[in-house]
Amino acid sequence: MARRIEHRSTSEWPASEVHAALIDLEYLRGRLAELGGTRPELLAHDVSGSTARFQLRQGVSTDSLPPVARTVVGAGDLVIDRTESWRRAEDGHYTGEIAAEVAGVPCEITGSMWLRDLAEPVGDQVSEFLVDGSVKVGLPFVGGKLEDLVADQVQKLLAREERFTADWL
């Protein structure tokens, strides 16, 4: 059974400025350098009109994984390929999809993303970012434990990326 991933954050910047950062080549390189783990790499980046698509590679050292994950990953670092696509739905509203695969592990991470200006700003918060996704690990006996582990790590990564984006802006 898949585990859900839900993440919501608000920002003091309008959605258009947050979106511009999220798809910016230098921003992505900076985010990877700071948060990409072992052997971070920007594999693809294409911005055309109101759409953007990019692919990132991030690594996690096996030393930082719990024992149950190490038995599945084996020798070497965990390599994650992540693809994001964004499109402008209307002024102040962007939608996207995210997908990630873990090399050598039957693990699939998928989700939808929304970035939009708040209809009613709350204090200095004028936009919100939402991720609704799931993690599915196709392994008997340990799949559920690994799904919990991956979902937790994705939540932590999204929070770190949120802080990086705020600092970037």
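Reader: Leaving aside its neighbours within four places in sequence, which residues is T38 in contact with?

Author: T38 is in contact with Q58, G59, V60, S61 and D77, where contact means heavy atoms within 4.5 Å. Please note that this is a predicted model, in which local features need pLDDT of at least 70 and side-chain atom pairs count only at pLDDT 80 or more, while totals for chains, interfaces and linings use all residues. Residues are numbered from 1 along each chain as its sequence is written, and side-chain values use heavy atoms, with hydrogens and water left out.

Reader: Where does T38 lie?

Author: T38 is found in the loop between helix 2 and strand 2, the latter spanning 41–48. Helices (H or I, at least four residues) and strands (E, at least two) are DSSP runs, numbered from the N terminus.

Reader: How far apart are T38 and M1 in space?

Author: The C-alpha to C-alpha distance is 29 Å, and the two residues are 37 residues apart in sequence.

Reader: Is T38 buried, exposed or partly exposed, then, and what is its relative accessible area?

Author: T38 is partly exposed, with a relative accessible area of 25%. The terms are set as follows: buried is under 20% relative accessible area, exposed is over 50%, and partly exposed is in between, using a 1.4 Å probe and protein chains only.

Reader: What about R39, and what is its phi?

Author: R39 has a positive phi of about 50° although it is not a glycine. As background, most residues other than glycine have a negative phi. R39 is in the loop between helix 2 and strand 2, and counts as exposed at 59% relative accessibility.

Reader: And what is the phi of F141?

Author: F141, which is not a glycine, has a positive phi of about 70°. This residue sits in the loop between strand 7 and helix 4, and is exposed with a relative accessible area of 86%.

Reader: Changing topic: how many bridges join strand 5 to strand 6?

Author: Nine bridges join strand 5 (residues 93–102) to strand 6 (residues 107–122), and the two run antiparallel. Two strands pair if DSSP finds at least two bridges between them. The bridge partner of G96 in strand 6 is M113. Strands 5 and 6 form a hairpin with four residues between them, and G104 in the turn has a positive phi of about 80°.

Reader: How many bridges join strand 6 to strand 7?

Author: There are 12 bridges joining strand 6 to strand 7 (residues 125–137), again in an antiparallel arrangement. W114 has L130 in strand 7 as its bridge partner. The hairpin of strand 6 and strand 7 has two residues between the strands, and G123 there takes a positive phi near 65°.

Reader: Next, how many salt bridges does a search of the whole structure find?

Author: The search finds 15 salt bridges, each being a side-chain nitrogen of Lys or Arg within 4 Å of a carboxyl oxygen of Asp or Glu. One of them joins R116 to E128, with the closest N and O atoms 2.9 Å apart. R116 lies in strand 6 and E128 in strand 7, so the pair ties together parts that are 12 residues apart in sequence. R116 is partly exposed at 29%, whereas E128 counts as buried at 10% relative accessibility.

Reader: Which residues are linked in a network of salt bridges?

Author: The network of salt bridges links R31, R82, E84 and E161.

Reader: Which residues touch the most other members of the largest nonpolar core?

Author: They are I5, W86, C107, I109, L115 and V135, out of 38 residues in that core. Helix 4 (143–168) is among the elements that give two or more residues to the core, and its six residues are the largest share. A nonpolar core is a set of buried Ala, Val, Leu, Ile, Met, Phe, Trp, Tyr and Cys residues joined through side-chain atoms within 4.5 Å.

Reader: Which residues lie nearest the centre of the largest pocket?

Author: V60, L78, I80, Q153 and V154 do, among the 37 residues that line this pocket. Helix 4 supplies the largest share of the lining, eight residues. On a 1 Å grid over the protein atoms alone, a pocket is an open set of points where a 1.4 Å probe fits, with protein on both sides within 12 Å along at least five of seven lines; lining residues have an atom within 4 Å of a point.
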